[in-house]
Amino acid sequence: MFDALIGPFIQFDFMRRALFGALVLALGAGPVGVFLMLRRMSLTGDAMAHAILPGAAIGFLIAGLSLPAMTLGGLTAGIVVAVLSGLVTRYTVLKEDASLAAFYLLSLALGVTIVSLRGSSVDLMHVLFGSVLALDDAALILIACITSVTLLILAATYRGLVMECVDPMYLRSVARIGTPLHLVFLGLVVLNLVGGFQALGTLLAVGLMMLPAATARFWSADVTMMVIIAVATGMFSGMGGLLLSYHHGLPAGPAIILVAGIAYLISLFLGRESGLIRAALPRRHLEA
Amino acid sequence: MLHRRNIITLLAGTMLVGASSIPALAQERIQAVATFSIVGDIVGKVGGERLDVTTLVGPDGDGHVYSPSPADARRLAEGDIVFTNGLLYEGWIDRLIASSGTQAPVVAVADNIDAIPDGGHGDAHDDHGHDDHGHDHDDHGHDHDHDHDGHEHDHGHDHDDHDDHGHDDHDHGHDDHGHDDHGHDDHGHDDHGHDDHGHDDHVHGEFDPHAWQDVGNVKVYVANIRDALIAHDPDGAELYSSNAEAYITELAALDAEIREAVAALPEGALVITSHDAFRYFTHAYDLEFDAPLGTSTEVEATARDVARLIGTIRANDIRAVFAESLTDARLIEQIAREAGVPVAGTLYSDALSPPDGPAGTYIDMMRHNISLISEGLGS
């Protein structure tokens, strides 16, 4: 048992790196996912994944197939899209989903155009996407930095973020930090996504952000509890997925997300908060 | 207003494009379109100065996952004859051909080769699968020798009777290729392609398309290209035949060179690279390859395969691994780092390098690969 669970990580450096990457990523992406979910912005991650293409393409045009340049470009493009759509949402009649859709599609079209003008048939997103099994020092440092920044900013803005989720009108009435807070938060989403692409290799990176958050919602109504459960679920998925990939030959990135997906499905049925089975049972615990 | 003016400009532009394609058709040189760099190079060698070859997926481009542009559709529409690899290597080509409305005949140059079924992953188990084909492989080898020894005789034979070329050698039992050559419409070719797949009861796409990794297959490519060109342009028959003959001689030399280099490798040499594009090479030259990724560049590695490869490198005292030109090198670098061996260079498998690179032509590519392998693994 010990051998099956721990052995691969002791034996192989690449497994240790993969595990470290997945755990650190889960630590940052979990809380971000919870706040996204509470704001009903769960699909933002997918949209942002497309929005980073033009930045990556411009990085490619300037520096060739250079991972730092493309990462920086992608981050910039993602943050620009996030901030613009956030501002449009706050100051016009357009809602968050519509403004984000508009900007990410604009961004995606621009990206495809830039790539095509260069005439290269290299799949840029593929270059930007790493593999969890191929995390080199640079990728690990990037992920660690992203998570550190995420945790620091979350710690500093936690009360405000919670209030923004629960009662944005109240926050607006007592302080004027709602909009800047929202924009900073969207920046964090982009940061974590780019880190996730490096690690998980596909658009599935969004899964490590949203699935643990959705899972956590079935177990607690308290934001802090949800964050803790989401991080734990993400970490468990990372380790479980890697072990599945190691023992059963499943592709590593998808395996991690599948484990998170199974955790979600189990919670959907068994969860304490409105889980399907609990909800169907008579509420015995109230009688005591 | 602005909109209307734009539309008019667009229309005028379209007409210009349409008009400019007419003189292109009237030009002396035949406009051949090849789907990717390797096929383009071989077509150019056979066609010589009678051909202008346009390549859709250029050097260092990945033909597996290419997304064509309208300019590509235009090139197809303006082309006189279109060459694809076939075996579903270019998954995007059928739709592009249909949408371009091209009237040009479409030639799958991998027709009539001994296609290897695509086992999917780069597992060691697949290597056993290769053994099943050992017999075919031997036949193949005989053909090579035949070409080596007696290509003077073959020359006359081929020249008289193009239709038979390759068929008897490969025992596919086709009877309609010759008719196609003369009737030469693309429908005939399509049907032909289907029969080709049908004879082994395999579904489309179940073959490994990287057939050019066996120089023997490329001789068949050359024959297919020559026959198609002659059918399209009978006036050039002599040139095409002599170009093809000269190129096949070069290929035979290359083939012998590769065999020699492989024979000089230490016993049990194993080439570990990024993706499994070298099955035909293994098949033809008896050099084992292994990779964490399958035949497509589109799949993801599993931890088990990576661990297995690291174990293989350590257990068999393998001295080097190899990156691949179109594939993300990070995974193979990780494997090399952990197993404590160097990455001995970049193999070119699915695309040529730009002309100034190490693999600007098909023959250069094969030479580059085998010399890298010899340097990396040789004693």
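Across all chains, a search of the whole structure finds 15 salt bridges (a side-chain nitrogen of Lys or Arg within 4 Å of a carboxyl oxygen of Asp or Glu). Side chains of opposite charge can pair when their charged atoms come close.

This is a predicted model, where local features need pLDDT of at least 70, side-chain atom pairs count only at pLDDT 80 or more, and totals for chains, interfaces and linings use all residues. Residues are numbered from 1 along each chain as its sequence is written, chains are lettered from A and ligands numbered from 1 in the order in which they are written, and side-chain values use heavy atoms, with hydrogens and water left out.

**Stop one.** Select Arg16(A) and Asp13(A). They form a salt bridge, with the closest N and O atoms 3.5 Å apart. Both sit in helix H2 (residues 13-38) of chain A, 3 residues apart, or about one helical turn. Helices (H or I, at least four residues) and strands (E, at least two) are DSSP runs, numbered from the N terminus. Arg16(A) is partly exposed at 40% relative accessibility (buried is under 20% relative accessible area, exposed over 50%, partly exposed in between, with a 1.4 Å probe and protein chains only).

**Stop two.** Select Glu164(A) and Arg39(A). Their closest N and O atoms are 3.4 Å apart in a salt bridge. Glu164(A) lies in helix H8 and Arg39(A) in the loop between H2 and helix H3, so the pair ties together parts 125 residues apart in sequence. Glu164(A) is buried at 5%, and Arg39(A) is buried at 13%.

**Stop three.** Go to chain B. Arg29(B) bridges to Asp52(B), with the closest N and O atoms at 2.8 Å.
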